[in-house]
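Hi everyone, thanks for making time this morning. Please have a look at the structure I'm putting up, and then we'll walk through a few parts of it together.

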Amino acid sequence: MANEEDDPIIQEIDVYLAKSLSEKLYLFQYPVRPASMTYDDVTHLSAKIKPKQQKVELELAIDTLNPNYCRSKGEQIALNVDGACADETSTYSSKLMDKQTFCSSQTTTNVSRYAAAIYRKGEFHLTPLHGILQLRPSFSYLDKADAKHREREAANEAGDSSQDEAEEDVKQITVRFSRPESEQARQRRVQSYEFLQKRQAEEHWVHLHYHGLRDSRSEHERQYLFSQGHGMAGNTELIKSPSEYLMMLVPPSVEAEKEKPVAPSNVLSMAQLRMLPLADQIKILMKNVKVIPFANLMSLLTSGTDPTAVLRCIQQVAMLVQGNWVVKSDILYPKDTSSPHSGVPADVLCRGRDFVMWKFTQDRWVVRKEVAAVTKLGPEDVKDFLEHMSVLRINRGWEFMLPCDEDFVKKHPDVVQRQQMLWMGIQAKLEKVYNLPRDHTVPKKQSMQAAAPLLVSGEQRVTLAKAKIKQSYSQLEQDLQKRRLETPAHEATAPVDVLGIRIKEEPLSDEEAMDTSVCDGLNNRLTNGIHSEENSVDSLNGHLGGQERVSQELRAFVLATFKKQFVLTLRELKRLFNLHVASLPPGNLLFSGISDKMLQDAVLDMGCKQIMVPFPPQTAALPDEQKVFALWEAGDALDQHRQILLEVFSRNYRVRRNVIQNRLAREFGEDVDKQEVEKVLKDCCVSQGGMWYLKGTVQQQPS
């Protein structure tokens, strides 16, 4: 008590929390600059930011008239960076190092304890900081100078050895095919420095306008550092109970957790898992186990967890299959992802996996070839689907990995009924997408209990196949004889319609007997086989109409692709076409098979032209890479620019930028817009080593 009386309260200050700038307020620190030498009065040329990474770049002018500035050194640096010829890409347009760039780095990722404070009229206003950045001079111009030096050396070496390259002996090379990327390899790649650098480069810069310290706009923005509402209702964050306030002052220690070894990013201990909300626990468990009975799921959760709450959560992330819970497809294949094996988009993968899950609701056994034939997906994707929920049995197929959970079905009939209704909706969607026949949608009358595998020998399978062929052939013969009897004699040579297929009969000569064996007879009469699809009728009776529809769809794809790309090699066009076909629903006309000639004819029909690029004699480009097509007229204001550019590349395999600019300047005058030139180059070309190439024609240097 005596100490408190000796230290009386002399003033009380109201504290307010201002939040107007809480998401935009950064603290800039200049650790290599004395505090007495600020940059407040230095001219700021430009400023830009990457908000997600909290990365800032500032360009500040250098006072070249200062007596401490070495002009000869500034000219030398500008010459090393930009070379003798200055253009719009030059770093120093005045041929003098007259500016410097500052790049930021984060001092800490957790800035929740830091705020900017301002005191006015007995009030203390706090604004939380969004980030604390340290800005240091960037020396990227030195990297540019080194790149210019290497480019000049490479150009000189290329000129000296141009005669020798044509006489080089053919060397044997070893071709290696990369394996499909595993999950562990993908995790390592995602955590690598190269991948992080690539991700950081993907975020675009946001250009800013700098306002000085005493600018009127700055004065206006500083007013937002004061709380807009002084009432206590607007500052509920500062109203805390004693226990909450104590928790904020002395937060629980997390040092023990930080000292533990860091586990892989895809590993979570059970102790950490049980600290999460129930819905997140169930989602993580289902994503890892894929298939689990309800009783096993309850044993993994904290004891005393309400089963009703678990049922409510699991229905959000899993579907009921034979009394067991199987994780939903969209949990494993989120939106905007693709297959690591084939590159197929996530929605196509989800549809294919839903088909496999639905098949297991009908039967305990699934045949891999049947799934691949219906879903039109690659074998690796189909194998992944099946391995999620089934095991392979020799000579039988894939069996659902768990026995039917009859106990759960009896205890929770309401959940089972709700899941059946969901499966009916999924079945209707699958029937519409895959055009499933009747025998696919009728469930087999088979016990849900596990049955002993039935071994069928190779001879038995061949015998069954022969019996089916004989039965089908005899049926066709009966239908044919019946139609012969019904047809008048003078119309004996008219085409006969068997099962919707028109077959023209030819008269048989007496000298040569027809081979009527079972297999050969089928081959002679039904050369192309009997198609079960409706569109197969067009392949015989309406062949021209089907071809016309295929041509229309092919032209539409070509036009849409060249509107985006403008220039494509035949190899790249085929790759894009395969991706397009993979995303189409089954039964589309483009699945009939498109040859390279059909694809090239469609390109030329849509107004595109083949650019005869003069590849060097020693080129390693494949034949498909040497066929270059370009959209000649896109219908915009840059058509003439692109045509001139393509004419330049019809004479040169690679071109420098100034050659293109000079040619455009001759055609359109000296006032040609630089932005238009930049857009035309980006539409049609790529740059490598200071040279410009048409898209797809640049050859990667062997490593």
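Let's start with Lys48, which stands opposite Glu57 in strand S4. Two strands count as paired here if DSSP finds at least two bridges between them. The labels come from DSSP runs as well: helices (H or I) have at least four residues, strands (E) at least two, and both are numbered from the N terminus.

S3 and S4 make a hairpin with 4 residues between them, and in the turn Gln54 has a positive phi of about 55 degrees. On its other pairing, S4 is joined by 5 bridges to strand S5 (residues 99-106), again antiparallel. There, Glu57 stands opposite Cys103.

Before going further, a word on what you are looking at. This is a predicted model, where local features need a pLDDT of at least 70 and side-chain atom pairs count only at 80 or more, while totals for chains, interfaces and linings use all residues. Residues are numbered from 1 along each chain as its sequence is written, and side-chain values use heavy atoms, with hydrogens and water left out.

So how confident is the predictor? The pLDDT is its confidence in each residue, from 0 to 100. The chain averages 77, and 77% of the residues score at least 70. Confidence is highest in strand S12 (residues 324-327), with a mean of 94, and lowest in helix H22 (residues 518-525), at 39. Over residues 255-265 the pLDDT is below 50, and that stretch has 2 contacts beyond near neighbours in sequence; a contact means heavy atoms within 4.5 Å. Residues 445-456 also stay under 50, and for them the model has 20 contacts beyond four places in sequence. Where pLDDT is low, the predicted coordinates should not be read in detail.

Now back to phi. Most residues other than glycine have a negative phi. Lys121, though, has a positive phi near 55 degrees, and you'll find Lys121 in the loop between strand S6 (115-120) and strand S7 (123-128). Is Lys121 buried or exposed? Lys121 is exposed, with a relative accessible area of 79%. The cut-offs are under 20% for buried, over 50% for exposed and in between for partly exposed, using a 1.4 Å probe and protein chains only. Lys376 has a positive phi too, near 60 degrees, and lies in the loop between helix H16 (368-375) and helix H17 (379-389). With 44% relative accessibility, Lys376 is partly exposed.

Let's finish in helix H23 (residues 543-565), where we find Leu559. Leu559 is partly exposed, at a relative accessible area of 33%. What does Thr561 touch, not counting residues up to four places away in sequence? The list is Phe566, Leu568, Leu573 and Leu576. Thr561 counts as buried, at 10% relative accessibility.

That's my tour, and I'm happy to take questions.

Conventions: pLDDT = per-residue confidence, 0-100.
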